[in-house]
Amino acid sequence: MIYTVTLNPAIDYVVKLKHLDLGKVNRTQGEEIQFGGKGINVSVMLSRLGVSSCALGFVAGFTGEMLLEVLEKNKIDTDFIRLEKGMTRINVKLKADSETEINAQGPIIEKYHLDELLRHLDCLTQNDILVLAGSVPKSIPNTIYEQMMQRVQNKKVSVVVDTTGEGLCNVLQYHPFLIKPNHVELGEIFGKELSCTEEIRKCAATLQSKGARNVLVSMAGEGAILLDENGIFHQMKAPQGVVKNSVGAGDSMVAGFLTGYLQSGKYSIALQMGTAAGSATAFSDGLATKEDVLSMFRVLKG
């Protein structure tokens, strides 16, 4: 089973405008509600690709109940901890001549809530995959991903980590199965802008030398590279298409990678499926459909 963790899930209220005039009344051209958070996006895409998962994390209030209902309709198992106070956050995404995001903080998570989440991991075995995705809320210690990896280390659970900066670097000592920074995030870790594939490859290799088994780096329109645990370098060019949406593309790549690897046992296929899923979502208004992902996969496979 794949378990995904979303510490601070959200309801995204997406508003489309022709132009945003600050300080004035604006009329929308369209509105949409999306339910997400990086781990949840991974679970939704896995479900669309026919792979079961269980979503973990925290929910609160009526918005949290709405989120659980949507996940249930998407046939995703859940084991969220319900918080007594606050509500699952609502983020506002304004899409006009430029994109503006207003992200809420989310509910306060107490230590006993975290302890309960850690106990939920005790049922995992070496046959399971744990996906830790997204930033850590202010009310949670920034060492939470390390604590979770420590909790499952002796169980030989394969852990995927998709976060940034210090949070990513600190988990390398626990030898995650996969990490997935994008090229900008990778550059920020090393304090420089990475301008070519060779630079990206060298920085990825450094993270691998510090403990990551597989390093997957998404590079937007340039595709993706993978340094696998067998010492093989893979590169996949991005397919052509019109980018409509960047939200969830990286999460779709993680879901596609895991799907491809579980189905084939080959990292080359995993990279193809990951790139296909990430690109298909980037070319869609929301998370891509299974048909779009498989169509993109066939293009990449040639």
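This is a predicted model: local features need pLDDT of at least 70, side-chain atom pairs count only at pLDDT 80 or more; totals for chains, interfaces and linings use all residues.

Entry 1: I then traced an open sheet of 4 strands, and I read its order as 3-2-7-8, with mixed pairing. Which strands stand at the edges? They are strand 3 (30-36) and strand 8 (99-102). Each has a single partner strand, so one side of each is left without a neighbour in the sheet. From one strand to the next, I found that the twist averages 20°.

**Entry 2: one strand pair.** I reminded myself that strands of a sheet pair through backbone hydrogen bonds, either parallel or antiparallel. Strand 7 (residues 89-95) and strand 8 pair in the antiparallel sense, over 4 bridges. I looked up Leu-94 and found its bridge partner in strand 8, Thr-100. Next I checked what packs on the sheet. Helix 2 does, and it touches strand 2 (10-16), strand 3 and strand 7. The direction of helix 2 makes about 80° with that of strand 3.

**Entry 3: the cores.** I looked for the largest nonpolar core and found that it has 46 residues. Val-131, Val-160, Leu-216, Phe-257, Leu-258 and Val-293 have the most contacts inside it. Several elements each supply at least two residues of this core, including helix 1 (38-48), strand 9 (129-133) and helix 8 (249-264). Which helix gives the largest share? Helix 9 does, with 8 residues.

I then picked out Phe-257. Leaving aside residues up to four places away in sequence, Phe-257 touches Leu-216, Tyr-267 and Met-273, among others.

**Entry 4: helix 10.** I checked the length of helix 10. At 1.5 Å a residue, its 12 residues should span 16 Å, and the end C-alpha atoms are 16 Å apart, which agrees. Which residues of helix 10 are buried? I listed Val-293, Met-296, Phe-297 and Leu-300. These four cover an arc of only 105° around the axis, which puts them on the same side of helix 10. I recalled the general rule: an α-helix has 3.6 residues a turn, so residues three or four places apart point the same way.

The buried residues of helix 10 pack against helix 1, strand 14 (233-236) and helix 9. On the face turned away from that buried side, I found the exposed residues Glu-291, Arg-298 and Val-299. Last, I looked past the end of the helix. Gly-302 follows helix 10, and its phi is positive, near 75°.

Terms used:
Residues are numbered from 1 along each chain as its sequence is written. Side-chain values use heavy atoms; hydrogens and water are left out. A nonpolar core is a set of buried Ala, Val, Leu, Ile, Met, Phe, Trp, Tyr and Cys residues joined through side-chain atoms within 4.5 Å. Buried means under 20% relative accessible area, exposed over 50%, partly exposed in between (1.4 Å probe, protein chains only). Contact means heavy atoms within 4.5 Å. The expected span of a helix is 1.5 Å times one less than its number of residues. The arc is that of the directions from the helix axis to the C-beta atoms. Two strands pair if DSSP finds at least two bridges between them. Axes are lines fitted to C-alpha atoms, for helices over the stretch in contact, and angles run from 0 to 180 degrees between N-to-C directions.
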